[in-house]
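Hi,

Have a look at it first, then read on.

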Amino acid sequence: MVEVTVEIVGFEESECGPFPCDETRSCGLETCYPSNRLIDAISALRDELLNEYGDKVLVKMTLIDEEIPEYVRKIIEERHPPIPIILVNGRLTSIGRISLGLIKEEIEYALEES
């Protein structure tokens with residue numbers, strides 16, 4: 001029973017955030033260090049969220065290298081968010097990077113709303 005969908009939108013070869021990966025791992029993820037790759041970070045995020053929330057949370061990856069879905073195009077045109085774009089239940093967040101703590105805050109907010 002999925003209650004919250006976390007969608008990460010970005011490019012296949014992009015980085016997981018605007019800051020380089022370092023030994024402090026302020027993002028809260030460890031298994032993707034030191035790759036700094038978006039795809040590795042999404043996989044690490046998915047594992048962490050599965051451990052914490054089970055089937056309540058679905059992590060979805062949308063790569064826009066070859067085609068941009070219309071709803072993503074509209075968000076980009078209207079809001080100009082940084083990549084990676086983090087959507088929680090379709091709502092644009094202001095996170096702009098893969099960060100376990102910040103994404104968990106958004107998940108908790110979404111769970112309270114439902």
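The side chains of Asn 36 and Glu 15 are joined by a polar contact of 3.2 Å. Bear in mind that this is a predicted model. Asn 36 sits in the loop that runs between strand 1 (4-10) and helix 1 (38-53). Is Asn 36 buried or exposed? Its relative accessible area is 10%, and buried means under 20%, so Asn 36 is buried. If you skip the neighbours within four places in sequence, Asn 36 is in contact with Ser 14, Glu 15, Cys 16, Phe 19, Pro 20 and Cys 21.

- Strand 1 and strand 2 run parallel, joined by 7 bridges, with Val 4 opposite Val 57 in strand 2.
- Strand 1 and strand 3 are antiparallel, paired over 4 bridges; here Ile 8 stands opposite Ile 86 in strand 3.
- Strand 3 and strand 4 are antiparallel too, over 2 bridges, and Leu 87 is opposite Leu 92 in strand 4.

Strand 3 and strand 4 make a hairpin with 2 residues between the strands, where Asn 89 takes a positive phi near 50°.

How much of strand 1 is buried? The count is 6 of its 7 residues, so the rest of the structure largely encloses this strand. For strand 3, Ile 85 and Leu 87 point one way while Ile 86 and Val 88 point the other way, and all of them are buried.

Helix 1 first: its 16 residues, at 1.5 Å a residue, should span 22 Å, and the end C-alpha atoms are 22 Å apart, which agrees. The buried residues of helix 1 are Leu 38, Ala 41, Ile 42, Ala 44, Leu 45, Leu 49 and Tyr 53. Why do they end up on the same side of helix 1? Because they cover an arc of only 165° around the axis. Over on the other side of helix 1, Leu 50 and Asn 51 are exposed. The cover over the buried residues of helix 1 includes strand 1, strand 2 and helix 3. Just after helix 1 comes Gly 54, with a positive phi of about 60°.

Helix 3 (residues 100-113) passes the same kind of length check: its 14 residues, at 1.5 Å each, should span 20 Å, and the end C-alpha atoms are 20 Å apart. Its buried residues are Leu 100, Ile 103, Glu 106, Ile 107, Ala 110 and Leu 111. Seen down the axis, they fall within an arc of 140°, so they line one face of helix 3. The face turned away from that buried side carries the exposed residues Glu 105, Glu 112 and Glu 113. Covering the buried residues of helix 3 are, among others, strand 1, helix 1, strand 2 (57-63), strand 3 (85-88) and strand 4 (91-92).

Finally, back to the sheet for the pairing and what packs on it. Strand 3 and strand 4, as above, pair in the antiparallel sense.

Cheers

Methods:
Residues numbered from 1 in each chain as written. Predicted model: local features only at pLDDT ≥ 70, side-chain atom pairs only at ≥ 80, totals over all residues. Heavy atoms only, no water. Buried < 20%, exposed > 50% of the residue type's maximum accessible area, 1.4 Å probe, protein only. Polar contact = N/O pair within 3.5 Å; in protein donor to acceptor, adjacent residues only side chain to side chain. Contact = heavy atoms within 4.5 Å. Expected span 1.5 Å × (residues − 1). Arc of directions from axis to C-beta. Pairing = 2+ DSSP bridges.
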